[in-house]
Amino acid sequence: MTQFDRNFLWGSASAAYQIEGAVAADGKGESVWDVWAHLEGKTHEGTNGDIATDHYNRYEEDVALMKKAGLKAYRFSISWTRILPNGTGIVNSEGINFYNRLINLLIENDIQPLVTLYHWDLPQTLQTKYLGWESEQIVHDFTAYAKICFKAFGDRVKYWIVMNEPNIFTHLGYIMGVHPPGKHDEALFLKTYHHTALAHAHTVLAYKEMGLEGQIGSSIAFTPAYSSTSSEADQGALKSYYDIGPWWYLDSYYKGSYPESAIEYYTSQNIEMPFKKADFEIMKAAAEVVDFIGINYYQTAMVAYNPIDGVGISSFNTTGKKGTQKESGIPGLYKTVKNPNIEYTDWDWAIDPDGLRYGLVELKARYDLPILISENGLGAFDTVSSDGAINDDYRIDFLRAHIEACGNAINEGVDLLGYMTWSFTDLLSWLNGFKKRYGFVYVDFESTDLKRIPKKSFYWYREVIKTNGEAL
Ligand code: BGP
């Protein structure tokens, strides 16, 4: 049995756009998501975060529920446009006040705040002015915003997550075209990703220069993979998958370089590389002082060789109609195929707890840094039974198996700082609307009072935390 460290951070995570609502309250500026979600046909059932769970107005009730659940940590993101309505320039003191109130309340309730600086809600002004992440100017402006946050909250916030899933928002925004700004351009994808890596590096260095007491890292969406057979072709596909995918994303943040074989691949496709030599000095300097790797883990992939006339990137299942996800890949390199050995969620995400152990062990071997699981959870359709209860045993099973996997990884030498479930309350899913639920607390989105009801999993997680992972 695993002994979780006594300071192990048991918690849950959220993001500003997905919970706060109050999109124009108290001087908040517009973000790219405030605009995107209102464009015809961009989100499932036309949902948006205008109200979301109304956490901005109900944070006291939400923190009281967190206290009741016994959370040791709560990860949330700061909305850049609450602090700087136009992305740069004048600071909106009401934005600072809101996060001060939230942070102080968490601390009063013995809940450690883990703060994400960027969870995708880019100020619209910067998108309009210089195309946001496409311009290197963003690196400067982001770092300036981060420093404002460090100054305002750094005396109390001891864990900072600079970027949330830069690999996802650039891929969805610049290859698949389903997140803002809705483009399909591989060179821009590489460029914007590189700018996130630079923004992360400059921010980490700025934080260290300020001499504040705390830890800093970024969270990457990590999907470990297996090859579909042991054939040379499939093994080669697996290597391509890792070099173009996870290692590209993680090496740039945590080694300060990109995998050579992936650079060769892009060059062979005549895609211009976005970096300058000097960038790597900054990235390497940050990689030397960064404190932890954040990973958001939901699933694994199974990878097979993809012939040159094979499948390209395909859209994904956003409806929850199981079995509608198609194969997707890069012709000539690899494609993801269905794993016959495991179950899938209604959104066709592979349920693979041991993949978490395996992935953590891989990360330990490659980077040898402490790791924070900054997201893990099950998106499902929940129903309220006639007695008012939400019996989400499937979520309990999912989380139990993943916590066991954390324990196994710790036993294999992984230094794990904590485990944040996605999410605490139900919230808005960017592309899947309000029906794909992840929370311990049900939110009745049909009612105007957005009533909160703790689910069965709420009480289960409370016991897990109380016993420090013994009562699973
Ligand atoms: C991660 C994001 C979260 C959250 C989660 C669940 O990629 O960091 O913001 O949305 O995934 O994803 P989804 O809402 O698509 O089910």
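Modeller: Residues count from 1 along each chain as its sequence is written. The model is predicted, so local features need pLDDT of at least 70 and side-chain atom pairs count only at pLDDT 80 or more, while totals for chains, interfaces and linings use all residues.

Colleague: Why is Glu375 called buried?

Modeller: A residue is buried if 20 or more other C-beta atoms, placed from the backbone, lie within 10 Å of its own, exposed if 12 or fewer, and partly exposed in between. Glu375 has 25 within 10 Å, so buried is the word.

Colleague: What makes Glu375 worth a label in UniProt?

Modeller: The unreviewed UniProt entry annotates Glu375 as "active site"; such annotations may be inferred rather than shown by experiment. Glu375 lies in strand E11 (residues 371-375), strands being DSSP runs of E with at least two residues, numbered from the N terminus.

Colleague: Which residues does Glu375 contact, beyond neighbours within four places in sequence?

Modeller: Ala13, Asn296, Met420 and Trp422. Contact means that the two C-beta atoms, placed from the backbone, lie within 7 Å.

Colleague: What makes E6 and E8 a pair?

Modeller: Strands pair if DSSP finds at least two bridges between them. E6 and E8 (residues 301-305) have three, in the parallel sense, so they pair. Ser227 stands opposite Val303 in E8.

Colleague: And why are E6 and E9 edge strands?

Modeller: The open sheet runs E6-E8-E10-E9, with mixed pairing. E6 (225-227) and E9 (328-330) each have a single partner strand, so one side of each lacks a neighbour in the sheet.

Definitions and conventions. Helices (H or I, at least four residues) and strands (E, at least two) are DSSP runs, numbered from the N terminus.
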